[in-house]
Amino acid sequence: MGNYLARRSLQAIPLLIIISMVVFALLQATPGGPLARFENDPTINEADLKALRQKYGLDDPIPVRYLKWVGSLVRLDFGNSYITQQPVLEIIGERLPNTLRLMATAFIVTLLLSIPIGIISAIKQYSIFDHVVTSIAFAGQSIPIFWFGLLLIIVFYSKLKSPWSGGPLFPAGGIYSLDQQGNFWDGLWHMFLPITMLSLAWISWYTRFLRSSMLETINQDYIRTARAKGLREIWTILKHAFPNAVIPLITLIALDLPTLFAGAVYTETIFSWPGMGRLFFQSAMRRDYPVLMAVVMITAVLIVFSNLLADFVYALVDPRIRYG
Amino acid sequence: MFQKRSIQTLFYLIIALSLALTACGPAATSTAPPAQPTKAPPSTEPTATEGVPAPSGRVVILVSEDPDTLNPYLTTALLASQIYTAVTEPLVQPDQNGEYQPVLAERVPTTKNGDVSADGTEVTWHLRKDVVWSDNTPFTAADVVFTYKAASNADSGSVRSSAFSKVVSVEAVDDYTVVVKYSEFNSSFLDQFQWGILPSSAGDPADMLNWDFNRHPMGTGPFMFKEWVTGDHLTLAANPNYREQGKPAIAELVFQVVPSEEVRVQMMQQGDAQIMMWPGSNLRDVWEADPNIQLELVPGIYILRMFLNLSMPNDGDPGPTPPHPILGDENVRKAIALGIDVNSIVNDLALGRVTRVTSPFALGWYKCDVPPDPYDPETAKAMLEKAGWVDTNGDGIREAHGAKYAPDGTKLSLSMVGYTDFKLLEQTELVMADMLKEIGVDLQVSNVEMSVLFGSWADKAPRKMGDFDILVYDTGAGINPQTHIADYFLSTNIPTDANGGTGANYTRWVNPQADDLINQAGRTPDLADRKALYCQLGQIIHDSYSQIFLYQFQEGHAFSTRISGNQVSTWAPLTWDVENWTLAP
Amino acid sequence: MLWWTRAFDMGKNIKTLSSDDTNIKSVRSNSGSISAMTWRRFLRHRLALLGMCVLLIILLTSLLASYYRYDPESINLKEKLQSPSLNHPLGTDDLGRDMLARLLYGGRVSISVGLAVSALSLLLGTLIGALAGFYGGTIDNLLMRLTDIFLSFPSLFVLILIGAMIRDTPLAKYQGGLFTIIMVIALLSWMTTARLVRATFLSVREMEFVQAARTLGATNLRLILVHLLPNSLGPIIVQGALSTAYAILTESGLSFLGFGIQPPTPTWGNMLKDAQTYMTRYPWLAIFPGLMIFFVVISVNFVGDGLRDALDPRSIQSQSTNT
């Protein structure tokens, strides 16, 4: 297995190189450029722009620019934003904690809810609980997430009012109210709606997945053996079925890791959350190439890494794969 | 068993990690930099001086995105100027009537008071002696010279260097006198430092792109920079060293970033914010219904117009010849103008929140009266028929039969390109397409991003290359329209290889009489004479139908009634008079 | 959301390892009764039936949209922003265009995008998966590495970048960039099908009846088309339903951000985008397009679920709605 993993890890490197080249080429092919915002201003003439282009190295041929970018990348220098001149890593450093906070909390909420619900749903198959859960899960997977976010704002911000302050029940954006920076409860209040929006789909997927995984496990022979041996039902489930049902879920979790970083573009846009997703969106609009390359590459690295992790975990727990 | 336990451990590790991450709150980065040598923190607590009340209260201003930078010489973004105007100050500034008032200068230089030489090539600025920077160091002529060095340095990344192209030298005669020498008369000499004076402590002029100043500016203005949490808000605090006692009355200005317009409206209605910048015109009934909010509008600079390409597109030649097969014929252009009911657009679509204009000279001292065309689809149809455009196959779109430049059978189909993310623009385009369908003209509307529409010559942007049919966007002249008019209407300003792609004569319009008038106006110091020339020019431009003028936006913002002392100005950003604002509790 | 497809693969692997050959062999015999049996099983799945009915209704109304008296693009400024009434059953938008007409025509675009993307990605995925699974060895390696590359792209990011690129080129002028958007989304979603088909091919390739056909002199092409492909058909069809749902959601999401299909071509996604500025005062502008997306997607999901149950005989044991 060590060989298998080593091989897979080595394969990751050319993978990432190819991805970086494709994305770089894509960006250059996109019309418009970071200097276009100056074009409509008559006080700037072409000579100024030429100087700026030189400064940004926009006149070099594409392969040269790519190599320059790789060169600085090796020194862990992702360059400076074209728009704000800040170092890219600094910009990411400002946005990343916000995204992590949001995504990690949503993730925990998802796990806390979907695991017990999925298990109970499987145990009590065909009960009313099961039917309700399955229906809601279906709906949750089918609802367009951005529409759901808009609905949440309409209902919880415009229509419903808080009984004690008379203001909206939940805020429609931002990470915290002004002056409430360290306030834990204010932070939670602001996170409530975005997390609801994010976790609906997530919970639906995980619940259904866990449910079917549990069902498969429960119907296996060794469970019947355990039952036949006379163990109490709850123990049977918890000790024998659950760990095995959870294994595929672990791989699912591993595969979801990049999302913790890349954030959710829709959620951050609708709820004015200053995170990675919105950073990408804004940078795409303004053609801020250094930021875009950095975000895409880091996400790609995470994806590759999480795939490796998922494979690793999978191989770890399933001996059939290890020796197969 | 080993595997199961290791799985469980992994599981708990993940949960623990996530919990740890949640506990971390967002880092408030970009707080006041160490470079600011203020001893005491900028006071938001009252520090009363001798019977003058301390600044109090906070005004929240809603914006849709972060500014790109706060250095006035590195950006042309309108949003940035709203913010840095409260921090950095110019030498003189036009008030809401367009008359220049001294700010950091003691008086406005004119030929009458001798500060401007007779031929206009030498301007002397006498600076105020009582001004200090917010870090308590004195403001001197050296700072003005420094600003010139940074702004005109081609390597610095400055976007204003061409505004200094006529400047020969800037010298500090003494600590409070600066002499600016020009190679020839510069009609906008008063605006030379309009973007503000930079402190000489900001850094090396050649290195301006990397200054700390760009994210932590320092100025002489009523407010100073306090903190900037990217994506969330930017805070300015009252400058305790501001030269006017008792001002500003407000302790803090917070620019809060809220991308969603809906949410901004809600926040205004809840009283969570006091100013909303540039609210969409569709919101007027919201403000009217709310007694606590009032919309304050003045005529704006930006005029929305159609740019018709008079030359052949996509022929590899950015010059004015050969003529556009459809739009080369001025009768077709006029017919298009007659086929658009501009009054309906202004009244029914924009609900009267914009004003119809007919020439680029639409406001201020140079406002000209060029009579508008009526909405006359019947005449338009007749004109098109006469020009050789007939609908023979009954599909509602005309084809050429004996047209001036188009081969027979060419469809009267044109593409119209505007920019995205601007609702009113998009709606206007769609309405115009609908109207022109009536007279047999087919308009294909598509919008591209601003950064693409306004691409550069080096990028071979369609606008620069003359590879388009009709463009729709807004632009306008400032208080001194000469540069703008020359750029857009001089025949030598058609972007071609010959002039390196400079110039904004995108319609490729050539008219020697117009050229004469423009050049004459550039040499005329007297404003009344210049206006006469402009008005002549305005009529010629209108009659050429190379640009079809639609309407002028109103400049304005929504203010909470708690704010008074503010005056919205066509000629200056929101915060130009922020030292005079007061906030009622 | 492509992570779940990998998990699905893994789930598939678990099942393949522990399953027997009964379902494969049964396909080999009397194929006539199989489709009938499949159909009967499908009909028993009530939700799937409901889904089918809803889809048919929506499809029908979209097709008949031209008979509706209002044109989705006819502007009438005097009638703008009206709430639902007898004249305009679903109200009007900010330019006075009838909402119902726009929804119907928008449905045409959104649904056809969904179907086209699905068809394209199925085609591509099947091709690649079949080649990889059948030939094995270096070809398999190469194709799987290709799959890995595509899987490692952060798909939403890349879609946004490509969307930004497309909307500013002349391509966007034709039907709002319809064809290019379809191609792009399909290009980033064929991977699941490829792995699926490859997995089935790998396991079926070594079976007796295939060996038998080979010794009888069947060409590779015949082997692929006649013997191997029909066995994968079940999962492919199910995957088709799921990827239609995914395609519709993705297209409307991209259009919502402004990077998908450009106005004035209406799609449910860009109608939602336009509705954003008006949604608190005129909520119907935002509610109806989203509702339509929801109905279509959930119906497709129901149908997909029903198909999975119908085509996968092992599910008879549990008769549950599996993943």
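**Contacts and cover across three chains**

Start at Lys423(B), which is partly exposed, with a relative accessible area of 22%. Here buried means under 20% relative accessible area, exposed means over 50%, and partly exposed lies in between, with a 1.4 Å probe and protein chains only. The model is predicted: local features need pLDDT of at least 70, side-chain atom pairs count only at pLDDT 80 or more, and totals for chains, interfaces and linings use all residues. Residues are numbered from 1 along each chain as its sequence is written, chains are lettered from A and ligands numbered from 1 in the order in which they are written, and side-chain values use heavy atoms, with hydrogens and water left out.

Which residue forms a salt bridge with Lys423(B)? Asp94(C) does, with the closest N and O atoms 3.7 Å apart. This contact crosses between chains: Asp94(C) sits in the loop between helix H4 (46-63) and helix H5 (99-135) of chain C, while Lys423(B) belongs to helix H9 (residues 423-438) of chain B. Helices (H or I, at least four residues) and strands (E, at least two) are DSSP runs, numbered from the N terminus. Asp94(C) counts as buried, at 6% relative accessibility. A salt bridge needs a side-chain nitrogen of Lys or Arg within 4 Å of a carboxyl oxygen of Asp or Glu. Over all chains, the search finds 23 salt bridges.

Now go to the strands of chain B. Arg58(B) and Glu252(B) meet through their side chains in a salt bridge, 3.1 Å from N to O. Arg58(B) lies in strand S1 and Glu252(B) in strand S9 of chain B, so the pair ties together parts that are 194 residues apart in sequence. Arg58(B) is partly exposed, at 27% relative accessible area. Glu252(B) is buried, at 8%.

Is strand S9(B) enclosed or open? It is largely enclosed by the rest of the structure, because 8 of the 8 residues in this strand (residues 250-257) are buried. Look at what pairs with S9(B). Strand S1 (residues 56-63) of chain B is joined to S9(B) by 7 bridges, and the two run parallel. Leu62(B) has Gln256(B) as its bridge partner in S9(B). Strand S8 (residues 233-238) of chain B is joined to S9(B) by 5 bridges, and these two run antiparallel. There, Leu234(B) has Phe255(B) as its bridge partner. Strands pair if DSSP finds at least two bridges between them.

Chain B also holds a cluster of rings. Ring pairs link Tyr73(B), Tyr148(B), Phe164(B), Phe193(B) and Trp195(B). Rings of Phe, Tyr and Trp (its six-membered ring) pair if their centres lie within 6.5 Å; planes under 30 degrees apart count as stacked, over 60 as edge-to-face and the rest as tilted. The count comes to 36 aromatic pairs over all chains. One of them joins Phe107(A) and Tyr206(A), which are edge-to-face at 6.4 Å centre to centre, with 80° between the planes. This pair links distant parts of the chain: Phe107(A) is in helix H4 (residues 88-123) of chain A and Tyr206(A) in helix H7 (residues 184-218) of chain A, 99 residues apart. Phe107(A) is buried at 3% relative accessibility. Tyr206(A) is buried at 0%.

Some rings meet a charge instead. Arg215(B) lies over the face of Trp228(B), at 3.9 Å from the ring centre. Arg208(A) lies over the face of Phe138(A), at 4.5 Å from the ring centre. The rule asks for NZ of Lys or CZ of Arg within 6 Å of the ring centre and within 35 degrees of the ring normal.

Turn to chain C. Asp148(C) forms a salt bridge with Arg145(C), with the closest N and O atoms 2.9 Å apart. Both lie in helix H6 (residues 137-152) of chain C, 3 residues apart, about one turn of the helix. Asp148(C) is buried at 13% relative accessible area, and Arg145(C) is partly exposed at 27%. Elsewhere, salt bridges that share partners join Arg208(A), Asp305(C) and Arg308(C) into one network. Helix H8 (residues 178-187) of chain C is mostly covered, with 7 of its 10 residues buried. Among them are Leu178(C), Ile181(C) and Val184(C).

Finish on the surface of chain A. Leu10(A), Ile13(A), Ile17(A), Ile18(A), Met21(A) and Val22(A) form a nonpolar patch there, with about 520 Å² of accessible area together. Ile18(A) lies in helix H1 (residues 2-29) of chain A and is partly exposed at 33%. Patches take residues with over 30% relative accessible area and no salt bridge; like charges are joined within 9 Å, nonpolar side chains (Val, Leu, Ile, Met, Phe, Trp, Tyr) within 5 Å. Accessible areas come from the Shrake-Rupley method with a 1.4 Å probe, and for residues only the protein chains shown count as cover.
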